[in-house]
Protein chains: 4
Amino acid sequence: MIVILKENPEKHQLDNLLSWIERQGVTAHISHGIHQTVMGLVGDTAKIDIDLLCQMEIVETVKRVQEPFKNANRKFHPLDTVIKVNDAVIGGGGMTVIAGPCSVESEEQIITVARSVKASGATLLRGGAFKPRTSPYAFQGLREEGIKLLLEAKKDTGLPIVTEIMDLSQLDLFDEVDVIQVGARNMQNFELLKQLGHLNKPILLKRGLANTYQELLMSAEYIMAFGNENVILCERGVRTFENYTRNTLDISAIPSLKTLSHLPIVIDPSHAAGIARFVSPLSLAAVAAGADGLIIEVHNDPTHALCDGMQSLTMPEFDKLMKKINIIKEAEMSVKEL
Amino acid sequence: MIVILKENPEKHQLDNLLSWIERQGVTAHISHGIHQTVMGLVGDTAKIDIDLLCQMEIVETVKRVQEPFKNANRKFHPLDTVIKVNDAVIGGGGMTVIAGPCSVESEEQIITVARSVKASGATLLRGGAFKPRTSPYAFQGLREEGIKLLLEAKKDTGLPIVTEIMDLSQLDLFDEVDVIQVGARNMQNFELLKQLGHLNKPILLKRGLANTYQELLMSAEYIMAFGNENVILCERGVRTFENYTRNTLDISAIPSLKTLSHLPIVIDPSHAAGIARFVSPLSLAAVAAGADGLIIEVHNDPTHALCDGMQSLTMPEFDKLMKKINIIKEAEMSVKEL
Amino acid sequence: MIVILKENPEKHQLDNLLSWIERQGVTAHISHGIHQTVMGLVGDTAKIDIDLLCQMEIVETVKRVQEPFKNANRKFHPLDTVIKVNDAVIGGGGMTVIAGPCSVESEEQIITVARSVKASGATLLRGGAFKPRTSPYAFQGLREEGIKLLLEAKKDTGLPIVTEIMDLSQLDLFDEVDVIQVGARNMQNFELLKQLGHLNKPILLKRGLANTYQELLMSAEYIMAFGNENVILCERGVRTFENYTRNTLDISAIPSLKTLSHLPIVIDPSHAAGIARFVSPLSLAAVAAGADGLIIEVHNDPTHALCDGMQSLTMPEFDKLMKKINIIKEAEMSVKEL
Amino acid sequence: MIVILKENPEKHQLDNLLSWIERQGVTAHISHGIHQTVMGLVGDTAKIDIDLLCQMEIVETVKRVQEPFKNANRKFHPLDTVIKVNDAVIGGGGMTVIAGPCSVESEEQIITVARSVKASGATLLRGGAFKPRTSPYAFQGLREEGIKLLLEAKKDTGLPIVTEIMDLSQLDLFDEVDVIQVGARNMQNFELLKQLGHLNKPILLKRGLANTYQELLMSAEYIMAFGNENVILCERGVRTFENYTRNTLDISAIPSLKTLSHLPIVIDPSHAAGIARFVSPLSLAAVAAGADGLIIEVHNDPTHALCDGMQSLTMPEFDKLMKKINIIKEAEMSVKEL
C-alpha cells in the first residue's frame with residue numbers, strides 16, 4: 001500500500017500517522033521527494049480500512065498494491081478450488097453444465113426439462129423459484145412452491161439443484177437446495193452474504209451488472225470470511241452502451257478471475273446475450289477461454305415461458321449445443337497440452 | 001406499446017397474438033407494410049409483461065411508448081407530491097436540508113452534530129447505523145446501538161431522523177425512525193421494497209450506481225404498488241469512466257425525474273463527489289436546477305471519522321454552506337417568477 | 001419507422017407532417033389511440049433524417065424499426081463479403097491472422113518479426129507507423145519512415161501490410177499499403193471516412209471504445225456510400241468499469257455483427273486485454289465464436305518495445321498460439337457441420 | 001511516480017532499471033518490503049513514457065502520483081487563464097455566453113439569430129458550418145458557404161464567431177474565424193490538435209463522450225505543447241446508461257477541472273441534454289457551480305431547423321434564459337464573497 005502525503009506535513013502529524021500505521025501491524029518505508037513524500041506500507045495490508053487512511057489530514061492519496069481480499073486470493077491459495085455437489089464437480093479443469101428453465105412453472109415442465117438436460121449431459125439443474133423482476137406487475141415466480149417442484153425434479157433425476165435466494169427470510173426453504181445462487185442485483189447485499197457465509201453449502205455468486213472483478217471478489221470474501229469457502233463465481237454480462245444484446249459478456253473475466261483467484265468460474269451466456277441464437281457462440285467462446293462451467297437456460301416451450309423465453313434454448317437445441325461444447329472442450333484440452 | 005412482427009406471420013399465429021392482446025384489456029391497431037407488420041397497442045399497457053410479448057414466435061421486437069410505471073407517473077398525478085415529516089416538508093418548491101454524519105459513532109458525536117446542523121438550518125438528521133461496506137474487514141456501523149443513539153439525538157433536538165435499512169430482518173428496529181433510507185446497492189432488492197410498501201412511513205430511495213431513471217421509478221413503483229406513496233427519490237451519483245470524483249452527479253436527474261414523476265427529488269452531493277471540497281458547488285448547482293432537497297454529510301471531526309470522512313464537511317463548513325444555499329435558493333425563486 | 005405523436009395534434013399540423021413524409025418517398029399508416037396517435041412509416045426509411053422528424057412540433061418520439069444503414073446491412077446483402085488481399089482472404093469461414101509489432105522501430109525489427117510471423121502462419125503483416133498516443137510527450141511512431149520499412153518487409157516476405165492512417169494529409173504515403181487501418185479514436189472522423197470511400201483498397205475499421213454496433217456500421221456505411229465496399233470490421237475492446245484489463249473484449253460482437261452485416265469481422269485481443277498473457281485465451285474464444293480473423297501484436301523483444309510491449313507476444317509465444325488457433329479452428333469447423 | 005517491482009528481481013535487472021530511470025532525469029527512492037519492492041520516482045515525471053516503464057521485465061505495475069500534463073496543470077500555473085476574443089472575455093470569474101444555431105442554414109437565418117442573441121446578452125456567436133453526422137445520408141452542413149455566412153453575421157453584429165473544424169484540410173477556411181471548436185469526436189484527433197497548437201487563436205476543445213478529465217487535459221496539452229496556450233475546455237455531456245437525456249451533463253467537471261487546470265471551462269447544456277426544456281435548469285446549475293461560460297443553441301425556427309432542432313431554444317426563450325442566468329450569476333457572486 002502506497003501512501004502519498006500532502007506537501008510539507010508537520011512533524012506531529014507525521015508522527016501521528018506513523019503511530020497509527022504501526023498499530024495496524026504493518027511497517028512504513030518513507031521516501032522524501034522535493035515536492036512529495038511517499039510511504040510504502042509493508043505487511044498484511046488487506047485488512048487496513050483505506051477510507052480511514054485517506055481522510056488523515058496529511059494524506060493526499062492512497063493506492064493499494066496488494067489486493068484487499070485474502071481468502072479469495074490466488075496468491076495465498078495457489079491451487080484451484082474444486083467444488084463437489086453430489087456427483088457433479090465444478091473447477092479444476094473440467095466443464096460442468098448447469099441447465100434448466102428460467103422459472104419453474106409446473107411439475108410437468110420442470111421434470112420434462114430436467115430429464116432432457118440430464119440426457120444431454122447437464123450435471124446440475126437450474127430453475128428460478130424466487131424471481132427478481134424490475135416491475136412489480138410481472139410474474140414473481142412460484143416461490144415456495146417452486147422450490148418444492150425443483151426438489152421433486154431432483155428426486156426424479158438425481159440432478160442436484162441450483163436456485164436463487166432473494167432475501168434472508170427465505171433461507172429456511174433452501175435447506176435441501178444444493179447450490180444457492182445470489183443474483184447480480186444482490187451481489188452487494190452484504191447482510192445476505194454474511195449469513196450465507198455461515199452455511200457449508202456452495203454459493204453461486206453472480207457478478208453485478210456494473211461491478212468490477214475486485215468488487216465481485218470482495219463479495220466472495222464476505223462469504224468466505226464467515227467460514228464458507230465454497231464459492232462459485234459467475235460472469236453473466238455487464239452493462240455497456242451496447243443494447244443490441246441485453247448485456248455484454250465479459251469473456252476476459254475467465255483468465256482475469258483465474259489469475260486473481262482460485263475459485264471456479266462459470267459463465268451464463270443466456271442472461272448475457274438475452275437472445276437464444278447467441279447462446280451457442282458465447283458458450284463455445286467460454287469453453288475455449290477456459291471456463292469451469294456454463295449455466296444455460298433451457299425450456300420445453302420457450303415461446304410460452306412465463307419469463308425470459310427469448311433467451312431460452314429448446315431441449316433439442318440444448319442437446320445439439322452439448323455436442324458442440326464437447327467438441328470444443330476436447331480441443332481445449334489438446335491446446336492445454338501444448 | 002408498439003409491436004413489430006416478423007415477416008409473413010401465419011394467420012393462426014396472428015390470431016393467437018390478437019386474442020392474447022385482447023385478454024390484456026388493450027386494443028391492437030395493425031399497419032401492414034411491404035416488409036413489416038406493425039401493431040399499436042392502445043389502452044393501459046403499463047401492466048403488460050413485455051417479456052411475454054417479446055417471446056411470441058411472430059414478434060420481432062416490442063417498444064414501449066407509455067412508461068411501465070403508474071403510481072409514480074406524473075401523467076396520472078400531475079401535482080407534486082409533498083411529504084411531511086413532523087415539521088419538515090419535502091417537495092413542492094422548498095429546499096429541505098438533511099444533514100449528519102456518515103456513521104453514528106457515539107452519543108456525544110451524534111448529539112454534537114445534530115445540534116450544530118439544526119442551528120445552521122437543517123431540518124432532518126441523517127446518520128448511518130447499518131453501513132454497507134465493500135470489505136468485510138471495514139467498520140460495519142454500530143447497528144442496533146446506532147439507531148438508539150439517533151433516537152436520543154432526535155429527542156434532544158427534535159429533528160426527525162433518516163437512516164438506512166440493509167435487510168428486512170432489521171425492520172423492527174426502525175419503528176421510531178422517521179424516514180427509512182434504501183441504499184443504492186439495495187435499489188433493486190425487491191423483497192425489501194415490497195415490505196416497505198406496507199408501511200406508511202417515508203422511504204428515501206437512492207438510485208443505483210448504474211441504474212436508469214426508469215429503473216429507479218420502477219423501484220418506487222414497487223413500494224407504491226403495495227400502498228406506501230411516501231417515496232422520496234435520491235440521486236447520489238452514477239458510475240462513469242471518470243474516477244477523479246467517486247461518482248458522477250447526474251444533475252439532469254432533477255428536471256428529468258420532475259418531468260417523469262410527481263415524487264420529490266433530493267440530491268446527495270457528498271456521496272456523488274466523495275470529496276468535501278466539491279460538496280458546495282454541487283449543492284448550489286442542485287438548488288439552481290430545482291432540487292427539493294439535499295442530503296449532506298457533516299462530521300464534528302472528519303479526519304477521525306470511522307467512515308467516509310473525506311467527503312464530510314466540518315460543522316463550520318456546513319454552516320457556511322447553508323448561507324450559500326439560502327442565497328442561491330432565493331435567486332432560484334426569483335427565477336421561477338420570471 | 002414508428003412516429004408517436006403528441007396528444008391532440010391540430011389538423012393542419014398533421015397534414016404538414018403527412019405531406020413531408022410523402023416527399024420522403026415512404027407511406028404512413030396511422031393508428032389513433034385514446035391518448036396517442038401512432039404512425040408506421042413503410043418503405044425505404046434508411047435515408048430519412050430522424051432528427052428532422054423528431055423536431056416537428058407534433059412529434060413526441062420516433063423509433064426506428066429498420067436499421068439506418070443499407071450498404072452494410074445483411075438484409076440487403078445476405079451473402080458474406082469476402083475480401084482478398086493478394087493471397088490472403090478475409091471472410092467467408094476461414095481464419096486469417098494478421099500479426100506484427102505495435103510500432104515499426106527499425107528495418108531489422110520489422111523484417112525479423114515479419115519473417116517469423118509468416119513462418120508461424122500469419123498471412124498479413126501489421127505494424128504502426130503513425131501512432132495515436134494520449135500524451136504529446138510519448139513516442140509518435142516513425143511515420144513516413146515507418147511506412148517505408150513496412151514496404152521493405154513486404155518485399156522481403158511477400159506479406160501484404162496493414163497500417164493505420166491518422167489524418168487525410170498522410171494519404172499519399174499509403175499508396176502501396178494493402179489495407180488501411182482506421183483506429184478506434186478515428187471511427188467517427190467522418191471526413192477521413194468519406195475520402196477512404198473513394199479508394200478501392202480494403203479498410204480495417206476499428207470500433208470506438210464507447211461506440212455501439214450501429215455506430216460502427218454507420219461508419220462502415222460512410223465508406224461504402226462513397227463506393228468502397230471493402231470494409232473489414234474490427235472489435236478491439238470497449239471501455240467498461242473494469243480496469244484490470246485495458247478494455248473489455250466484446251465477444252458478442254462476433255455473432256451480433258454477423259447477424260446485422262455481411263462484412264467480415266476481425267478481433268484484436270492484444271489491444272482489448274492490454275496484457276500479453278490474456279491474448280491466447282481471448283484469441284481462442286474469438287475463433288470458437290466464429291470470428292473471420294485475428295490481429296495480434298508480436299514483437300521480437302517486447303521488454304524493449306517503444307510502445308505497448310506489455311501486450312505483445314514474443315515470436316515463440318505467437319508460434320505456439322498459432323498451433324492452438326489451428327486446433328480450435330478445426331474443432332469449430334466440425335461444430336459447424338453438426 | 002510509484003514503481004512496484006515483481007518479487008525477487010535480479011541485481012542486474014534492478015541496475016538496468018535504475019540506470020534507465022537516471023537517464024530520464026529523475027531520482028529513485030527504494031523501499032524493500034518482505035514481498036514487494038517499491039520505488040518512488042521524484043522529479044519531473046510528466047514526460048516519462050509510462051508504457052515503456054510498465055514493460056520492463058521486473059516491473060509489476062506503475063502508478064502516477066503527478067499528473068502527466070504540465071502546461072495545462074494548475075500546479076505549475078496557479079492563476080486562472082483568461083482568454084480575450086475581441087471584446088469578449090472567457091475565464092477569471094465572469095460568465096460568457098456563446099449562442100447561435102446548431103447549423104448555419106442561410107444568411108437571413110444566421111443574421112437574425114446573431115442580432116437577437118446579441119441583444120439578449122450573448123458575446124460570441126456559434127454556428128456549425130461543417131457538421132459531424134453519424135449518418136452519411138444526413139445534412140452535412142453548408143461547409144465553406146457556412147463559414148462565409150458566419151463572417152457576414154460577424155460583420156453585421158460585431159460578435160466574434162466560434163465554429164467547428166472537422167479536418168486539417170479545412171484549416172485555410174478558418175483564417176478569420178475567432179475561436180476554432182474541436183468536437184467531442186475529434187478530441188483525440190492528435191494530428192489535428194498538433195496543427196492547432198501552431199496557431200495563436202483560441203481553441204474550444206470539447207470533451208469526448210467517454211473520456212476522462214485527464215484525457216481531456218492531455219488533449220489540451222497537445223495543443224499547448226506546440227505553443228498555443230489559448231485553450232477553452234468544454235464539457236458537453238458524457239455517455240452513460242441513461243438514455244432519457246441524450247448525454248449526461250457532468251456538472252462536477254466544473255470544480256474538478258478548475259482544481260486540476262487553470263484553463264477556463266464552458267458548459268454546453270444543449271448537446272448534453274438534447275432537450276430544449278432542460279437547457280435552462282442545466283445552465284443555471286452550471287452558473288451556480290462556477291462555470292466560466294455557456295454555449296447554447298438558439299434557432300429562429302427550431303421546428304424547421306436542419307439539425308438538432310429538438311435541443312434549440314427559440315430566440316424569446318433564450319432572452320428569458322439570459323435574464324435567469326444573470327440572476328443566478330449575481331447570487332453566485334454574493335456566494336463567493338462569503
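**Exercise 1.** Determine which residues of strand E1 (residues 2–5) of chain D are buried, and on which side.

*Solution.* Buried means under 20% relative accessible area with a 1.4 Å probe, protein chains only. On one side of E1(D), D:Ile2 and D:Ile4 are buried, and on the other D:Val3 and D:Leu5 are buried. The model is predicted: local features need pLDDT of at least 70, side-chain atom pairs count only at pLDDT 80 or more, and totals for chains, interfaces and linings use all residues. Residues are numbered from 1 along each chain as its sequence is written, chains are lettered from A and ligands numbered from 1 in the order in which they are written, and side-chain values use heavy atoms, leaving out hydrogens and water.

**Exercise 2.** Find the strands joined to E1(D) by bridges.

*Solution.* Strands are DSSP runs of E, at least two residues, numbered from the N terminus, and two of them pair if DSSP finds at least two bridges between them.

1. E3 (residues 37–42) of chain D runs antiparallel to E1(D), with three bridges; D:Ile4 has D:Val38 as its bridge partner there.
2. E4 (residues 59–63) of chain D is also antiparallel to E1(D), with four bridges; here D:Leu5 is partnered by D:Val59.

**Exercise 3.** Classify the orientation of helices H6 (residues 213–225) and H7 (residues 253–260) of chain B.

*Solution.* Their axes, lines fitted to C-alpha atoms over the stretch in contact, come within 11 Å and cross at roughly 50 degrees. Angles under 35 degrees count as roughly parallel, over 145 as roughly antiparallel, 65 to 115 as roughly perpendicular and the rest as oblique. H6(B) and H7(B) are therefore oblique to each other.

How values were computed. Buried < 20%, exposed > 50% of the residue type's maximum accessible area, 1.4 Å probe, protein only. Axes fitted to C-alpha atoms, helices over the stretch in contact; angles between N-to-C directions.
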